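These are my notebook entries on a model with more than one part to look up, written down in the order in which I went through it. I wanted to see how the pieces touch, and then to follow a few elements one by one.

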Amino acid sequence: MIKTLKEIVHSQNEHLEIRDHKRFSTVIQFKNGVLKKGERKTLAGAGIRALVDGCWGFVATSETDEENLRRSAGEAIKAAREASQLKKEKIKGLGTGEVGQGTFNLYQKKADEPEFGEKVNALQKAEAKIRDAGNDIIGSMVNYHVFQDSKVIVSSSGAEAEINDQKSEIAIVAFGASGEKQEMGMVSHGITGGWSDLFSRNHLDEMVEKAVEIVRTKLKAGYAPGGNYTVILDPQLVGVLAHEAIGHTVEADFVLSGSVVADKIGEKVASDLITLVDDGTQEGAGKVLVDDEGTVNKPTVIIENGVLKNYLHSRETAHMFSTEARGNARAFTYRDEPLIRMTNTFIQPGKDRLEDMIKGIEDGFLLVGMDQGGQADATGEFMFGVQEGYRIKNGEIKEPVKGINISGQAFEVLKSADALSQEFNMDLGSGYCGKKQPAKADAGGPYLRCKVMIGGQQGKGEQNE
Amino acid sequence: MSNKDIYLEALEIGKKAGADHVEVFFNRKKSLEVVIEKNDLQVPKGDRYQGIGVRVLKDGKMGFASSNILTRESIEATVQSAIDIAVNSPEDPAQGIPEPSPLEEIDGIYDPQGENVSLADLITKGSDFMDASRGIDSRVTVDTASFKAEIIERAIANSRGIRAEERKTKFENSAIGFAREGEDISSFVVEYTVTPEWKELNTEEMGVRLREKALGNLGAERIPGFKGSVVLSPFAAVNLLLFPIVFAINADNVQNGISPWREKMGGKVASDIFSISDDGTLPGEIGSRMFDREGIAPKPLQVINEGKLISWLHNYYTASKAGEVPTGHASGGDQSLPAIGPNNFIVSPGKDSLENMLKNIDRGLLVTRYSGGSDPVSGDFSGVVKGGYFIEKGKERKPVKEVMIAGNIYRLLHQVIGLSSETQRILNFRTPYIALDGVSITGR
């Protein structure tokens with residue numbers, strides 16, 4: 001395959017990138033004792049991108065014989081040429097960056113990867129265990145997904161890379177009821193690697209127990225009163241903040257459209273304690289060694305000791321900012337064109353102990369894990385759902401609260417940070433980052449003490465008839 | 001190979017390989033898309049896709065596999081994969097595939113003009129949009145806009161004798177933008193249009209609306225919290241209210257015990273003025289289709305009538321389990337098993353215009369976009385209002401920021417106090433502006 005792609009790329013005078021991408025995925029989902037999904041999917045094809053007269057053109061095709069590839073390359077070139085007549089800001093060049101050459105394996109193929117039937121059995125047992133937890137548990141779901149990617153990327157910039165990747169993820173959900181009240185508890189995890197890697201941190205049974213514990217806590221919990229509070233965010237929420245509210249604003253395409261950090265390189269944007277990094281070479285669900293433009297991934301320090309240092313780039317934006325590309329241009333399937341994306345994004349741990357951080361709060365909350373829903377704007381303003389909340393009064397953890405949403409301006413929140421724990425974790429769960437196309441991303445950090453606005457259900461008592 | 005050759009071949013391979021029943025769903029799609037980012041034309045895209053999804057039943061067990069490599073070899077491997085999965089799966093007696101039933105073609109869902117639409121046409125649509133938005137006022141930034149044309153061919157064949165094919169066109173435009181004046185940045189505002197007819201596409205009008213929304217949001221102020229009325233735009237209503245309703249009436253969620261309305265059939269779930277229908281047979285509507293993901297004709301349904309819950313949405317599996325007739329709501333494509341979803345989900349409009357509705361509001365909030373969670377299981381929601389306007393005594397309207405609303409959707413449905421006569425199509429939903437009473441609004 002690589003030979004054919006090289007021939008096509010080098011036969012053109014225009015800049016051309018061809019990405020042949022085969023994906024095999026397996027989905028297993030149990031819901032309330034029933035196998036809802038047992039699926040095996042093949043999605044394969046080639047994405048071809050051409051740069052002509054300062055404009056891109058992109059064509060995807062599921063037929064990858066040489067003739068079709070040549071035809072599609074021609075179509076991509078034609079599309080770019082047509083569009084360039086109307087494009088105002090022409091692309092003046094592509095940035096440099098180390099090109100990937102050779103074979104890149106993101107995971108170790110292991111002999112202990114269970115067969116489909118064995119996985120079905122294990123997940124079926126786990127799902128049954130949720131329902132067996134008690135009469136208060138009224139529903140259950142286990143969702144497992146693994147995909148294996150093999151890619152060949154050849155570009156006019158010199159990339160000649162073969163990439164083998166595997167991402168696995170699991171989500172466990174318990175639905176509980178008490179009287180009229182219903183709640184949901186979810187535990188999820190995603191990694192680069194196979195089945196045994198997925199459960200190396202927490203065993204499947206432990207995840208089941210945790211999901212049941214969360215739903216029971218929520219059933220007992222009351223609503224939090226809204227207002228501004230000092231809180232401790234757990235590593236997952238810190239990850240969500242780092243990725244969702246900060247990370248997107250430093251993606252160079254967002255910067256160019258006027259995000260809140262445009263022209264702020266070198267400025268103080270967060271407390272001295274904050275160092276924020278994007279690094280695809282770390283272990284995590286967002287691991288990337290070579291991106292979909294064929295650039296080798298290298299760590300990018302976004303914020304160093306509170307000072308904004310770098311944005312995240314594709315080759316196109318790297319050229320505009322006179323810097324080098326560091327492997328953040330990613331495409332989800334062959335049908336997608338590369339976009340600037342994060343990989344593993346995290347805040348570096350600090351020197352504090354979690355218990356001391358709690359002791360320092362007179363009236364606030366410990367917030368753990370994200371719930372459904374969350375969003376952030378180019379302004380850095382964000383709103384995230386929180387799965388578990390606990391009141392902190394006079395330095396002690398008190399009763400659980402539920403239905404919490406936190407909001408604020410991310411950089412203001414990071415300026416208010418006054419303590420970071422030594423403990424560190426990177427685990428964004430089983431989710432995907434969405435920016436026109438999905439991407440597997442991971443994020444994390446230490447426990448972080450800061451000020452946020454809690455949008456609780458004010459006057460909830462009166463509102464219930 | 002023609003479409004028919006492909007799916008009939010897959011069907012034959014399945015039967016020969018020893019499956020008790022086989023269902024093949026075929027999808028071919030040609031799409032063109034022009035994208036604008038940062039106020040400028042970006043990557044024009046072309047995509048030719050075809051793929052099959054194969055569902056098999058063997059000894060009461062089901063398996064599914066899909067592939068978009070459609071050589072004979074690959075089709076054989078896909079069918080074999082589905083059988084392997086079935087053999088390794090637990091038995092489920094409710095699994096099955098439907099028998100043929102009468103199907104009727106639907107008018108106005110395929111526009112032959114779609115075949116001639118080129119990337120150059122979409123580029124023109126995009127530049128009309130830009131001229132009408134940023135072209136008129138440079139404070140407006142079009143963050144992302146997409147102009148998309150699709151020709152979709154769907155086909156289904158199963159071993160019980162279902163054979164059906166259909167062609168559809170879909171023209172979909174969406175845009176996200178904001179306005180910036182010095183340090184003052186508006187919320188992200190959204191515009192959206194979808195239609196099966198090429199000539200219905202007016203991107204100039206979309207551009208005007210986006211510009212007005214973004215500029216109208218400049219100078220937003222904070223307000224103190226209060227409890228009052230909230231008027232949801234169609235866009236906000238779909239996100240906040242209709243998605244949870246779709247969750248609650250999905251028969252699969254009912255049977256799984258997670259629908260909050262599982263005990264409410266025939267009972268009151270909303271205020272008297274609130275009615276919803278679902279009709280996949282309407283000519284010219286985006287969610288209309290001759291057959292669903294399993295080959296069944298969509299049945300027009302009254303879902304909620306004057307506040308009373310009338311029907312669930314079923315696919316073949318949930319209908320068999322409940323001993324009911326499938327309603328033609330199996331959703332999905334070739335890459336996954338049939339799920340359940342609405343066809344054209346329509347909230348009945350009211351008599352008052354939006355303007356009159358707003359005039360009657362003493363103290364409240366107009367929400368053009370809602371950003372946040374709404375948990376469909378409990379119905380609890382709390383999120384940020386984007387592009388919100390504070391309304392006092394029906395007249396004074398000022399843009400607000402950092403305002404959150406919270407409550408419980410299923411309770412709020414009993415507090416619907418108004419529906420506008422204007423409606424808007426968002427995805428396969430059509431809804432008026434919806435006014436709700438007694439919502440808790442948090443400011444700061």
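Entry 1, the domains of chain A. I looked up the contact between domain 1 and domain 2 of chain A in this predicted model, and found 43 residues of domain 1 touching 34 residues of domain 2. The assignment places domain 1 of chain A at 2–220 and domain 2 at 223–463, and their centres, taken over C-alpha atoms, are 22 Å apart. On the domain 1 side, I noted that at least two residues each come from strands E1 (15–31), E2 (34–52), E3, E5 (137–155), E6 (160–178) and E7 (181–192) and from helix H5 (204–220) of chain A. By class, that side of domain 1 of chain A has 18 nonpolar, 15 polar and 10 charged residues.

I then turned to chain B, for which the assignment gives domain 1 (3–216), domain 2 (226–240 + 349–442) and domain 3 (242–345).

Which strand gives the most to the side of chain B that touches chain A? I first noted the extent of the contact, with 64 residues of chain B touching 62 residues of chain A, and then found that E3(B) gives the most, with six residues. The residues of chain B on this side comprise 21 nonpolar, 29 polar and 14 charged. One of the partners I wrote down is B:Gly46 in E3(B), which is bridged to A:Val59.

I looked up B:Gly126, which sits in helix H3 (residues 119–132) of chain B. Is this glycine buried or exposed? B:Gly126 is buried, because 27 other C-beta atoms lie within 10 Å, and the cut-off for buried is 20 or more. Setting aside neighbours within four places in sequence, its contacts are B:Val34, B:Ile36, B:Leu41, B:Ala145 and B:Phe147. For B:Val34, I noted a separation of 92 residues in sequence but 7.4 Å in space, C-alpha to C-alpha.

I then followed H3(B) to helix H4 (residues 203–216) of chain B, where the two axes come within 7 Å and cross at roughly 35°, in a right-handed crossing. From H3(B) the contact draws on B:Lys125, B:Asp128, B:Phe129, B:Met130, B:Asp131 and B:Ala132, and from H4(B) on B:Thr203, B:Glu204, B:Met206, B:Gly207, B:Val208 and B:Arg211. I counted these by class as five nonpolar, two polar and five charged.

Entry 5, strand E19 of chain B and its partners. Five of the five residues of E19 (residues 404–408) of chain B are buried, so I put this strand down as largely enclosed by the rest of the structure. B:Met404, B:Ala406 and B:Asn408 point one way from E19(B), whereas B:Ile405 and B:Gly407 point the other way. E19(B) pairs in the antiparallel sense with strand E17 (residues 380–392) of chain B over five bridges, and there B:Asn408 is the bridge partner of B:Asp380. With E21(B), E19(B) pairs over three bridges, also antiparallel, and B:Met404 has B:Thr442 as its bridge partner.

Finally I followed strand E21 (residues 429–442) of chain B to strand E20 (residues 416–426) of chain B, to which seven bridges join it in an antiparallel arrangement. In this pair B:Thr423 stands opposite B:Pro432. The two strands form a hairpin with two residues between them, and B:Leu427 in the turn has a positive phi of about 50°.

Definitions and conventions:
Residues are numbered from 1 along each chain as its sequence is written. Chains are lettered from A and ligands numbered from 1 in the order in which they are written. This is a predicted model: local features need pLDDT of at least 70, side-chain atom pairs count only at pLDDT 80 or more; totals for chains, interfaces and linings use all residues. Helices (H or I, at least four residues) and strands (E, at least two) are DSSP runs, numbered from the N terminus. A residue is buried if 20 or more other C-beta atoms lie within 10 Å of its own, exposed if 12 or fewer, and partly exposed in between; C-beta atoms are placed from the backbone. Two residues are in contact if their C-beta atoms, placed from the backbone, lie within 7 Å. Two strands pair if DSSP finds at least two bridges between them. Domain bounds come from an automatic or database domain assignment. Ala, Val, Leu, Ile, Met, Phe, Trp, Tyr, Cys and Pro count as nonpolar, Asp, Glu, Lys and Arg as charged, and the others, Gly among them, as polar. Axes are lines fitted to C-alpha atoms, for helices over the stretch in contact, and angles run from 0 to 180 degrees between N-to-C directions. A crossing is left-handed if the near helix is turned anticlockwise from the far one by less than a right angle, and right-handed if clockwise.
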